[in-house]
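Please look through the following points with the structure open beside you.

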Amino acid sequence: MAEKINLIKTIMDGMDYNLHEIEKQLPPDLGGMWDPSAMQRIFSGFWHKAYNAQQNGDPIAWVNFGIPTELFYAMDIVPIPVDHISANASVFGLTYKYNDLAKEKIADYLCSNNTLLLGALLAGDIDPPAIMVHPANPCDSNLATYPTYSKYFDYPYFMIDMPYITTEKSLDYVANEYKKLIVLLEEKTGRKLDLDKLRQTMEYSNKTHENVLKLNKLREAVPAPYSSWEVMGECGLLLSCVGTPELAEYFEKRHSHIKAMVDNGVGHMAPEQEKIRVVWIYGAPVFDYGIYDWSEKEHGAVLVSQMNNNFINEPVEDISNLDSILRGLAQKLVLMPMTRECGGPWENYLDSSLDLIKRYKADAAIFGGNHACKSNWAIAKLVKDKIQEEVGIPVCNIELDLFDDRVASSDTIKAQMSQYFDLMLTRKERR
Ligand code: SF4
């Protein structure tokens, strides 16, 4: 039996270690340079919040990555995306321990997003939350496993139901689901919703999203102002910290910094080094973030966008009353990355992939097909054909598991990427 650990503490310590490593390399005076530790500092702060809540017995909610976090911050409940638990368990070397344990109980074709969490629960490395909240998308894997875990480990679970097609009427329906959620959160956590606090949280959220939209536009620039790692990392921030002053401030500074870069024609890489602009149109590997760095150094291939980081929602215009805020959150929920693309109809996914490729002037598109994503694998060929037809880019489909390198190792993934990039570069040079 593997040694029992406190997973939240392990992740927090890992975040602190990473922060310390980045800080060690910083010059004493940044002299106007972007502070590369800014993102890591927010991640560290987030896991400290989670650890403190655990130690003090304050409520923690587990949320799916499709659940906006504002309401929870307004109610002093720490919202931890379960996908961040799985991702960090993977990054900090716990994949085999948790997946092997989980797969003694459930089918091994399920997603590691789900199985790593189960393994952590079975190992006793993480306590069940005060509640888990999930939207009706993006996949059957989530909708089949998470409610079962909540029954088995005895904690409440709430699914925000969403009609299949989004209309004005369906948004009213989702806003009403939010009202039910508030009642349940108050009952299960003992925290009362304070409207003023919610308004304040929404102000931070609006400021964040205003800047994210401006940054989306700036990121279209050639050469790309973001590094691949920054594209990956900011997605994590936007899934866990929206509604906090730290994140609002981060994106404000980020916007001024990136604007100055783009205005001066400066890219993350020099123009002659940026050879291929890549979009991951579905999942992208998490177990080895070194893949993105390698791809830049080895092939001049920079990640310009990926589906999980495709936040397109507008700030909520009217935050004067609860009804208008909940309607705004309902609108945000149906537009969350992967929630809007992966619940069907399939054109939602196709259109969004095409939009990413065109908007970010991509030369290459990779479908990181998690082996458990049945719905998206079912349409992968259709999507590939349509993209080839419309923009002339052959999509590279790679079968993998985002968190477990036993389905496709880093070397296997890199070998496929290398072949693909060589091909795409030759095509580009011929044009
Ligand atoms: S990777 Fe696929 S199967 Fe796993 S949670 Fe995401 S959509 Fe579901």
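Into which domains is the chain divided?

1. This is a predicted model, and in it the chain is divided into domain 1 (7-196) and domain 2 (265-430). Taken over C-alpha atoms, the centres of domain 1 and domain 2 are separated by 22 Å.

2. The contact between these domains takes 33 residues from domain 1 and 27 residues from domain 2. On the side of domain 1 that touches domain 2, the elements giving two or more residues are α3 (70-74), α4 (82-91), α5 (95-102), α6 (112-123), α7 (140-152) and α8 (168-189), and of these α8 gives the most, with 5 residues. By class, the residues on this side of domain 1 divide into 21 nonpolar, 9 polar and 3 charged.

3. Around the ligand are the residues C111, N113, P138, C139, S141, N142, G283, C342, N370, A372 and C373, a shell with 6 nonpolar, 5 polar and no charged residues. Because domain 1 (7-196) and domain 2 (265-430) both give residues to this shell, the ligand lies between them.

4. The largest nonpolar core has 126 residues, and those with the most contacts inside it are A61, V278, V279, I281 and A364. This core draws at least three residues from each of domain 1 (7-196) and domain 2 (265-430).

Methods
Residues numbered from 1 in each chain as written. Predicted model: local features only at pLDDT ≥ 70, side-chain atom pairs only at ≥ 80, totals over all residues. Core = buried A, V, L, I, M, F, W, Y, C linked by C-beta atoms within 7 Å. Buried ≥ 20, exposed ≤ 12 C-beta atoms within 10 Å, placed from the backbone. Domains from an automatic or database assignment. Near = placed C-beta within 6 Å. Nonpolar A, V, L, I, M, F, W, Y, C, P; charged D, E, K, R; others polar. Contact = placed C-beta atoms within 7 Å. Helix = DSSP H or I, 4+ residues; strand = E, 2+ residues; numbered from the N terminus.
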